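Here are some notes to read with the model open beside you.

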Amino acid sequence: MDYLVAGFGNILNFHTLLWIVIGVTLGYVVGAMPGLGKGTAVAVSIPLTFYLEPVSAIAMLIGIAKGSGAGSAVSAILINTPGEPSSAPTAQDGYPLARQGKAQKALKMGLYASVIGDFVSTLILIGLAAPLASYALLIGPVELCAILLFSLTFIGGLSGNSMIKGMVAGAFGVFFATVGIEAETFVPRFTFGLLELDEGISLVPMAIGMLAVAEMVNQAGNLAHLDSQAAVMLNGTTADDRRVTGAEWRRCLPVIAQGSLIGSIVGILPGLGASVGSFLSYGAAVRTSKTPKLFGTGMIEGVAAAESADNAVVPASLIPLFALGIPGSVIAAILISALIMHGLTPGPLMFKQQPQMVGDLYAALLCASLVMLVVGTLGQRIFAKVIYLPNRLIIPVVLFLCCLGAYMETSSVFSIYVMLFFAAVGYLMRKLDYSFITFLIGFVIGPKLELTFRQSIQILDAKVSNLGHHPISIVFILLTGITVVLIARSHRASRLLEASETN
Amino acid sequence: MKRVDIWSGAAVCVLALFIMFVVIPWQIDDVKEGYVAPRLVPQISMAFIVLLSALQVFTAARGEMQESATLVTRAELAALLKLSAIFALSLILYLYLSPLAAAVSLLAGSLLALGERRPVLIAGITGVPIFIVWLVFYRLLGTAIV
Amino acid sequence: MNQGFPLSGASTRRSILAAGAAFAIGITAFLPSLAQADDYPSKPITLYIGYGPGGQTDVVGRGVAKVLADQLGVPINVVNKPGAGGALAASQLKKEAPDGYTAMFHTNSVVDADPFMSARINFKPDDFDYAGMVTAFQQGLAAPKDAPYDSIQEYVAWAKKNPGSVFGSLSPLSKMYIDQIAKREGLDVNVMPLASGSEMINALLGKQAALVLSGGIHYRYPEETKTIVATTTFRHVSAPDVGTIDEAGYGLGIDARTTLILPKGTPRDILGKLSTALKATETDEEFKAIVSAADIPIMYMDLDQAAAEIAKNYAKNKAIFEKAGIVPQ
């Protein structure tokens, strides 16, 4: 605690604060641009971090990570193109709100939820990093496999209008995730002789194609309609549409608390990532809502749920890094290399050898949360103007940024091909009403589920009886069963309800 | 239920069968005993899709037919074709001429295709993003993109 | 602060113009090089790294890029081209002009071991020139600290008594190791696939795996892990008391050294200049701090030693992989 106080003393100077502000602003701006995201921001920042003091360098990286999480909500809400897959659920309700002339309300809620989720998760990191991390080690492949199975069924029910089509899309997501060299037998799958596909289809260009490019092509075909809507939006806004009302706060706070907690837990667990966090939180918000049918039409709770969890994942994913020296995310891996570049050894030894360094980092993390609130509030005023621009001017720039973001992922034109392929798939799915959300969920969770299943078989020596040594996994297997029963019931109930309404 | 659900379900079903019986055996080698087969997960997902799509066709065929709105309007089709052509042109320019030419054709081309005719705006929206990218990546950071 | 940026302080006006021209026309890569070896280098050098940012090779590579930039007086542009363990970047490098302005920083395994494992790799060590080697990774078999074995012999004895123990495998190479040891000693070991280095550490710290092949990152956790045998041809600097796998009589020692790789046909003058510049890594304080924090010892080799090392490794790996019956997939 003394170190934390001293840490504030060390970072509250112009130089360090400046780099935090630069980091958050860079992350926010890049995150807010469709097609660009954390990956781009990181690529931009790595050469910079080389030349900075350790604390400034790391403060900037942390600022980027946090800022891009908050920024990605902006493009999701304003033009329905999530900057990162983890903001896809934000767009579900954020974009309808924007089209109803409530863009500023949605943006504000997104920012507040982001900051709260981020702050809560940072406090958890500071207070509980060491004990939580040792518990996280108990979560091995067997437990993770059960947790993923549970997550998949839990989120799987979110297929929108058509359950069957949603599940078909999810299965395709799992299928596309199997491309590449299989990790156990090293047999290539669907690589068609291309080395580029050895490591599978990269999430970033795939998501850019499916979420952003396909959406832009779709909007290009409806320019007249969108422009006339924009004219209505300009005239039709009241003061209440531009702010979050007290009643909305009361509805959203429990959702934000729930999202922050889900995001923190997902962040601690190895290798799940921000997308799983925001999808799970959105799913939980739909399930606990009194009006689940209204999600997707502009429920402010949807934005709050997705964004709070999305941002809570970032600090929590640093818990294994600080406590154990294991990177829990891409940003954490970059942080490790930044520490090493300055001759520091990340991990538990850091607490013993450089406790003041850890104190400084914690102080920088907390500072970045507050900076995010300020930068976000100012940034929104500027970005919110975008919505008044005619789409024919927005679309070309977005397409350009998409190409840039996809290209930078691997520095190769192959990523552009991947992006275009999934843009075509995404366009078809939009037209035929297949949910690309469930596709993404399948794509993100599928490969981890397969890998942990293979790992579990080896650990359990292919004997079901050995599951007795893994009580946590048994709990989640039971939860999965309960979820399946509940989904089946509610599905039947809503069918009956529809039937009685039509009669 | 919409008519489109019948043929989209049928098409997806046929596609999944094709992947299951042609693409999977062609692209994934069989391995010796003792492992979870590499083909297993792709096969499960395809079998799942075949069953669900068949179910979709079945329920759609049984339900009352609704006249659904046109799937793709004329304007949408035009936008799709125009933008596809611009992407193709930009890729060709990227591969055989230069990234700069590709960037110009992508930005200016799609602006023109979407109906923007004011020269100042076209020049600005094409030039400014390219200049910023050049400034950041080539001048400031030295991580040349190409 | 500004002088740190690769392109603003150290560069000459000419190189700025060159960079500008390169972008404006963007076709330099397609033209035959007009650069003379005498005034090399006269423009920025592009350095490929075959992994994404954040890994061990990336950290060393960026450190080397800084040393080279200081030595040669031109900016070094680091470009991460991840994919197929570096084979993708190497395939790209093979097509570049041999003018010394495009190079790749990677472990030698990409040219002298990977071709034996992937049938889709279309290059051999002879398709490149080598300017030198910088560091060697401390690859070895690692176990949790409290495991009841401290050497490969003790592990074999323990694994015989405990059939179904778990080995964590991160790459075809690590699977080859355990398959060879298990075949020779008649062990019943379950091979658990791992997807990343951090997953490997997780499995060690969480004691889900009894043994893993580590590229050396486990040395960052001296209180939770230990090395039981070095799979390199030399004993590790970080654990000088632990024997090598060749000392134990397996003949499976394979070294992974970070190498500066160039397209075939690069003039020897240019290779020599790069090789000399590379030698400065031995004395550069900043670079030494980086690699010691990452537990990666510097073992410099000049261009001739590097070429000989690659040829030697290629022959040795060929024998190892043929004996193991591994066919490229």
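1. Let's start where two chains meet: 45 residues of chain A and 40 residues of chain C make up the contact, two residues being in contact if their C-beta atoms, placed from the backbone, lie within 7 Å. On the chain A side, the elements giving two or more residues are helix H3 (38–50), helix H14 (330–341) and helix H19 (436–459) of chain A. H14(A) has the largest share of that side, seven residues. By class, the side of chain A that touches chain C has 26 nonpolar, 13 polar and six charged residues. (Ala, Val, Leu, Ile, Met, Phe, Trp, Tyr, Cys and Pro count as nonpolar, Asp, Glu, Lys and Arg as charged, and the others, Gly among them, as polar.)

2. A word on what you're looking at: this is a predicted model, where local features need pLDDT of at least 70 and side-chain atom pairs count only at pLDDT 80 or more, while totals for chains, interfaces and linings use all residues. Residues are numbered from 1 along each chain as its sequence is written, and chains are lettered from A and ligands numbered from 1 in the order in which they are written.

3. Chain A also meets chain B, with 46 residues of chain B in contact with 41 residues of chain A. Helices H1 (3–27), H2 (40–62), H3 (74–96), H4 (99–113) and H5 (119–140) of chain B each give two or more residues to the chain B side. H2(B) gives the most, 10 residues. That side of chain B divides into 33 nonpolar, 10 polar and three charged residues.

4. Now have a look at helix H5 (residues 88–138) of chain A. A straight helix of 51 residues would span 75 Å at 1.5 Å a residue, but H5(A) spans only 31 Å between its end C-alpha atoms; the expected span is 1.5 Å times one less than the number of residues. Where does H5(A) kink? The kink, of about 135 degrees, is centred on Gly101(A), the bend at a residue being the angle between axes fitted to the seven residues ending there and the seven starting there. H5(A) is largely enclosed by the rest of the structure, because 38 of its 51 residues are buried (20 or more other C-beta atoms within 10 Å of a residue's own, with C-beta atoms placed from the backbone).

5. H5(A) has a partner in helix H12 (residues 300–316) of chain A: their axes come within 5 Å and cross at roughly 35 degrees. (Axes are lines fitted to C-alpha atoms, for helices over the stretch in contact, and angles run from 0 to 180 degrees between N-to-C directions.) The residues of this contact divide into 18 nonpolar, 11 polar and four charged.

6. Asn80(A) follows H4(A), and its phi is positive, near 65 degrees.

7. Ser456(A) sits in helix H19 of chain A. With 23 C-beta neighbours inside 10 Å, Ser456(A) counts as buried. Leaving out residues up to four places away in sequence, Ser456(A) touches Pro141(A), Val142(A) and Cys145(A).

8. Finally, chain C has 10 helices and 11 strands (DSSP runs numbered from the N terminus, helices being H or I of at least four residues and strands E of at least two). Of its 329 residues, 54% count as buried.

Notes. Buried ≥ 20, exposed ≤ 12 C-beta atoms within 10 Å, placed from the backbone.
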